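Student: I am new to this structure and would be grateful for a close look at a single part of it. Please begin with one loop and then describe the surroundings in a connected way.

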Amino acid sequence: MSKAEETTLNFNYDEEDNKKKKTKKDKSKMNIFDILEPIVAALLVITVIFTLFFRVVNVSGPSMMPTLKDGDKIIISARGYEPTVGDIVVLSGASGKRETIVKRIIALGGDKVDINFTTGIVTVNGVEEEYSEELTLQQFDIAFPITVPEGCVFVLGDNRSDSLDSRSTEIGCIDERYIVGKVIFGIFPFGKVE
């Protein structure tokens, strides 16, 4: 074998080695991209879902205790919500307030709400409401009975002794347009919210 043939064989051998190494590197790069691609796709889908359909909200204050506590993180449904009596909702911009508030819908437009502050009983259209075991004894500046205007809701906190809600002209009956969404789930603590 001549020197020229030896050099050619060595060169071909080195080329084969380089091709094998390059293929291994390409495979390892592809494996990383193969792993990252579904993760990035999942994150994008989650972001779109939480931007368009759901939101995460922090509960601030004791007005919804014991149902929700200060610092709880909740998920709300933000699309196509139709107000229903008994739902816990997040309200934003109600009565000119900038912060969001979390309350329970007690009555809808056209419903007659009466609160007897001596007995602590709340009635809607003559039927006693059942969403809080606590008596409603604290009176603000609204005289009862009242009829909720159409397109509005009447809201109360579950913690009736420590809640600024529709009993006060500061909040009053809330226009449905200020409802951000219905509370559907608790993230922290984890579980269904009712």
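Tutor: Pro66 lies in the loop that runs between S1 and S2. The model under discussion is a predicted one. The peptide bond leading from Met65 into Pro66 is cis, and its omega is near 5 degrees. The backbone oxygen of Pro66 also takes part in a polar contact, for it lies 3.3 Å from a polar atom of the Lys69 side chain.

Lys69 belongs to the loop between strand S1 (54-58) and strand S2 (73-77). Its relative accessibility is 42%, so Lys69 counts as partly exposed. Leaving aside residues up to four places away in sequence, Lys69 touches Val59 and Gly61. Val59 stands 10 residues from Lys69 along the chain, and 6.8 Å separates the C-alpha atoms of the two.

The bond from Phe144 to Pro145 is cis, with omega near 5 degrees. Pro145 is placed in the loop between S7 and S8. These two strands belong to an open sheet of 4 strands, in the order S7-S6-S5-S8 and with antiparallel pairing. Strand S7 (127-128) and strand S8 (146-147) are the edge strands, since each of them pairs on one side only. Within this sheet, strand S5 (residues 112-116) and S8 are joined in the antiparallel sense by 2 bridges. Opposite Lys112 stands Thr147 of S8.

The loop between strand S6 (121-124) and S7 contains Asn125. Phi of Asn125 is near 55 degrees, which is a positive value in a residue other than glycine. Asn125 has 47% relative accessibility and therefore counts as partly exposed.

The description now turns to another strand. All of the residues of S9 are buried, 5 of the 5, so S9 is largely enclosed by the rest of the structure. The side chains are divided between two directions: Cys152, Phe154 and Leu156 point one way from S9, while Val153 and Val155 point the other way, and all are buried.

Strands of a sheet pair through backbone hydrogen bonds, in either a parallel or an antiparallel arrangement. Strand S4 (residues 100-108) pairs with S9 in the antiparallel sense over 4 bridges. In that pairing, Leu156 of S9 is the bridge partner of Arg104. S9 and S10 also run antiparallel, joined by 2 bridges. There, Val153 stands opposite Ile174 in S10.

The loop between strand S9 (152-156) and strand S10 (174-175) includes Ser168. The relative accessible area of Ser168 is 5%; because buried means under 20%, Ser168 is buried. The side chain of Ser168 reaches the backbone nitrogen of Glu170 at 3.0 Å. Not counting residues up to four places away in sequence, Ser168 touches Phe140, Asp141 and Ile142.

Ser168 is buried, whereas Lys69 is partly exposed. The cis bonds described above are the one from Met65 to Pro66 and the one from Phe144 to Pro145.

Definitions and conventions. Residues are numbered from 1 along each chain as its sequence is written. This is a predicted model: local features need pLDDT of at least 70, side-chain atom pairs count only at pLDDT 80 or more; totals for chains, interfaces and linings use all residues. Side-chain values use heavy atoms; hydrogens and water are left out. Buried means under 20% relative accessible area, exposed over 50%, partly exposed in between (1.4 Å probe, protein chains only). A polar contact is a pair of N or O atoms within 3.5 Å; within protein, one must be able to donate a hydrogen and the other to accept it, and residues adjacent in sequence count only if both atoms are side-chain atoms. Contact means heavy atoms within 4.5 Å. Two strands pair if DSSP finds at least two bridges between them.
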